[in-house]
Amino acid sequence: MGPGGLTHYKRVSGDAVEYEVFARKTRGEPLHQVGSVVAPDDDLAVAYARATYDEERWVEMAIVRKEHVIELWQPGEA
Amino acid sequence: MSLSDLVLSIADNKQMLGLRYAEWATRAPSLEADIAAAAMGLDDLGHSRVLYGCLEPLGADPRGPDRESDAGSLRSLQYFDEPWTEWAQFVAANAILDTAFTVMIEACVNGTVEVLQHRMRKMLMEERYHFLHGRSWLKSGVDANPLSEAWREAIEWFGPLDGETATFHKEGRLSMGPTELRARLEERLETKAPAVQIDWKAWDPVRRRSRPGAIDDRTFAMLRGLEEKKYAKAPPAP
């Protein structure tokens, strides 16, 4: 690729948001957080989560915008 | 022209699409996009292997010995002849050409040929993520030139309205013909195809393209395993 190829695009977009990724390997186990991705919209976040965390044969995977997670307390506050 | 020729065309194009995707695994606009490029590349290379495996059950394998020596005997589109130099080319291929191949796979899965119904169905599940990736990047805005080129080649690849693809549709072997394939592609991408002029007299029904040319020498050598041999250990001296 020529050096001009990336100049129109930022490696991290200013309007990109963080998504938490949850998955489970069997129906019997609860969903647990396996990581996070950064993307400008839900569709791209889905594609990125599937590509990034495909190391297991998950039976279920879900993503949620980090800003939509309501924290009850944080470490040290309980 | 047989259905095997069409399946081989899908296979060769997916192989080249996978290789071109993989070339961007370290130079996409974000780390996530790097990883997605690698994952989609692996998917499409895997799909091509499944498709090559369909040729024998279909009854006629159109691959000849010239595939080892003549890059022009491969049936990939002009879009894949050279490595892409701009991210916009990646996005146009991802959104338009990858989806065009998926739409053709839908036509095979919903057609009457059993081996294609069974073996190609799983590809549609994996392609869902390619589509989301391509459509999202497409919405972010990319240069018009690669987009119009990808549209032109997609429509050309579907074939003329009175060609074999239309016949396979009439026979039920494909659930869609060129008109329906184009409409389905437009529906999925939520946009109309630009007006394109195609010289069908120059169209090669085997390679499903109207312009000559072939993939670059380095990629062709890599496909044949010659690039890897450059890095192999020299055999011990006798």
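Visitor: What do the side chains of D43(B) and R50(A) do where they meet?
Guide: In this predicted model, the side chains of R50(A) and D43(B) form a salt bridge, with 2.8 Å from N to O.

Visitor: And how many salt bridges are there across the interface of chain A and chain B?
Guide: The rule finds two salt bridges across that interface, and it also finds five residue pairs in polar contact there, with both residues of each pair at pLDDT 80 or more.

Visitor: Which elements supply the side of chain A that touches chain B?
Guide: Strand β2 (32-39) and helix α1 (42-52) of chain A each supply at least two residues, and α1(A) gives the most, with eight residues. By type, the residues on that side of chain A divide into 11 nonpolar, four polar and five charged.

Visitor: How much area do chain A and chain B bury between them?
Guide: They bury about 2000 Å² between them, with 56% of that on carbon and sulfur atoms, and the contact takes 20 residues from chain A and 26 residues from chain B.

Visitor: Changing topic, is α5(B) mostly covered or mostly open?
Guide: Helix α5(B) is mostly covered, since 11 of its 15 residues are buried, among them W151(B), R152(B), E153(B) and F158(B).

Visitor: What do those buried residues pack against?
Guide: The buried residues of α5(B) pack against α1 (3-22), α3 (87-109), α4 (114-139), α6 (164-171) and α7 (178-189), which also belong to chain B.

Visitor: How far does helix α5 of chain B reach, and what comes just after?
Guide: Helix α5 (residues 144-158) of chain B reaches 21 Å from its first C-alpha to its last, close to the 21 Å expected, and just after α5(B) the residue G159(B) takes a positive phi of about 100°.

Methods. Residues are numbered from 1 along each chain as its sequence is written. Chains are lettered from A and ligands numbered from 1 in the order in which they are written. This is a predicted model: local features need pLDDT of at least 70, side-chain atom pairs count only at pLDDT 80 or more; totals for chains, interfaces and linings use all residues. Side-chain values use heavy atoms; hydrogens and water are left out. Contact means heavy atoms within 4.5 Å. Buried area is the accessible area (1.4 Å probe) that two parts lose on being put together, summed over both. A salt bridge is a side-chain nitrogen of Lys or Arg within 4 Å of a carboxyl oxygen of Asp or Glu. A polar contact is a pair of N or O atoms within 3.5 Å; within protein, one must be able to donate a hydrogen and the other to accept it, and residues adjacent in sequence count only if both atoms are side-chain atoms. Helices (H or I, at least four residues) and strands (E, at least two) are DSSP runs, numbered from the N terminus. Ala, Val, Leu, Ile, Met, Phe, Trp, Tyr, Cys and Pro count as nonpolar, Asp, Glu, Lys and Arg as charged, and the others, Gly among them, as polar. The expected span of a helix is 1.5 Å times one less than its number of residues. Buried means under 20% relative accessible area, exposed over 50%, partly exposed in between (1.4 Å probe, protein chains only).
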